[in-house]
Every structure is written in structure tokens, then in C-alpha cells.
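Here are my notes on this one, written as numbered points. Have the picture open while you read, and look up each residue as it comes along.

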Amino acid sequence: MPLSRERNSLMQITYQWVDGLGPVILVRYKKRQFYLCICHHRKDRSIWFFGLEKIFCARCCGIISGLIIGIPLRFLGVTFPISVSLILIIPLIVDGITQLFECRESNNVFRVISGFLFGIGCICVRSIS
């Protein structure tokens with residue numbers, strides 16, 4: 001069931017579920033369509049909450065958890081130097097690349113942990129200016 005919000009007569013934003021792809025945001029602008037994929041939602045990489053696996057994969061759950069924890073930390077003034085933030089982001093990049101090139105198969109625990117560190121690292125990076 002798509003949820004829709006029409007900005008004006010030229011633009012329409014819709015949230016919908018696409019089988020095999022998962023939740024997407026569809027943006028229609030004039031005669032063009034853009035799909036923004038939120039999560040791939042593979043059943044073997046999803047975390048089940050009370051039988052509801054159609055939420056997010058393990059990595060996205062970790063990223064969202066890291067963002068949820070990181071946002072209040074940022075408002076409290078907690079920041080990390082860029083070097084620390086990069087160290088927090090690296091496990092997710094390494095995990096994703098090694099899986100992409102089939103060097104190894106990750107597990108959901110590592111996906112959640114690397115996603116959590118990534119979320120914290122993205123939010124708590126100290127601005128360069």
C-alpha cells in the first residue's frame with residue numbers, strides 16, 4: 001500500500017514496497033521517475049522482530065541504531081576527529097567490499113556491529129571548518 005504526499009502538481013513522493021527490492025521512495029517530477037532504495041531486504045540478511053522481517057536488513061538496523069545514538073551525542077557536543085570517524089566507518093566498507101567480491105560471507109552480528117559503528121562515525125565527525 002503506497003503512502004503518498006503530493007508536493008505540488010508537478011511533484012509526487014510515494015513510499016512503496018517493491019518485491020525483491022524492499023522499501024523504496026518513488027519521486028515523480030514532471031515526466032521523470034526516481035527510485036530511492038532504502039534497503040535491499042534480503043531474507044537471509046534480515047533481522048526478525050516478532051515475525052516481521054520486512055523492516056530492514058541487519059546492516060541497516062545497525063546504521064539506524066548508530067544514527068539514533070549518535071544524534072543525541074552530537075547535540076551534547078560529542079565529536080570525534082576525522083581520523084576516529086574514518087576508523088569507525090572502515091569496518092562497514094571492508095565488510096561490504098569483501099562480500100561484493102565474494103572474498104568471504106559476513107554474518108548478521110558483524111553487519112549490525114559495522115553498521116552501528118558507521119552510524120556513530122558519520123554523525124560524530126568533527127567539522128573541518
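1. What does the secondary structure of the protein come to? There are three helices and four strands, and read along the sequence they follow the pattern β-β-β-β-α-α-α. Helices (H or I, at least four residues) and strands (E, at least two) are DSSP runs, numbered from the N terminus.

2. A word on what you're looking at: this is a predicted model, where local features need pLDDT of at least 70, side-chain atom pairs count only at pLDDT 80 or more, and totals for chains, interfaces and linings use all residues. Residues are numbered from 1 along each chain as its sequence is written, and side-chain values use heavy atoms, with hydrogens and water left out.

3. Now the overall numbers. Of the protein's 129 residues, 27% count as buried; buried means under 20% relative accessible area, exposed over 50%, and partly exposed in between (1.4 Å probe, protein chains only). The accessible surface comes to about 8900 Å², and 68% of that belongs to carbon and sulfur atoms; the areas come from the Shrake-Rupley method with a 1.4 Å probe, and for residues only the protein chains shown count as cover.

4. Let's check helix α1. Its 18 residues, at 1.5 Å a residue, should span 26 Å, and the end C-alpha atoms are 26 Å apart, which agrees. (The expected span is 1.5 Å times one less than the number of residues.) The buried residues in α1 are A58, R59, C60, C61, G62, G66 and G70, and what covers them includes α2 and α3. Just after α1, G77 takes a positive phi of about 95°.

5. Helix α3 (residues 108–123) passes the check too: its 16 residues should span 22 Å at 1.5 Å a residue, and its end C-alpha atoms are 23 Å apart, which agrees. R111, S114, G115, G119, I120 and G121 are its buried residues, and they pack against α1 (58–75) and α2 (82–100).

6. Which residues are linked in a network of salt bridges? They are R59, D95 and R104. A salt bridge here is a side-chain nitrogen of Lys or Arg within 4 Å of a carboxyl oxygen of Asp or Glu. In the pair R59 and D95, the closest N and O atoms are 2.2 Å apart. That pair links distant parts of the chain, with R59 in helix α1 and D95 in helix α2, 36 residues apart. R104 also bridges to D95, with closest N and O atoms 2.4 Å apart. D95 has 0% relative accessibility, so it counts as buried, while R104 is at 34% and therefore counts as partly exposed.

7. The structure holds three salt bridges, and one of them joins E105 to R111, with the closest N and O atoms 3.2 Å apart.

8. Most residues other than glycine have a negative phi. E102 has a positive phi of about 55° although it is not a glycine. You'll find E102 in the loop between α2 and α3, and at 71% relative accessibility it counts as exposed.

Technical notes
Contact = heavy atoms within 4.5 Å.
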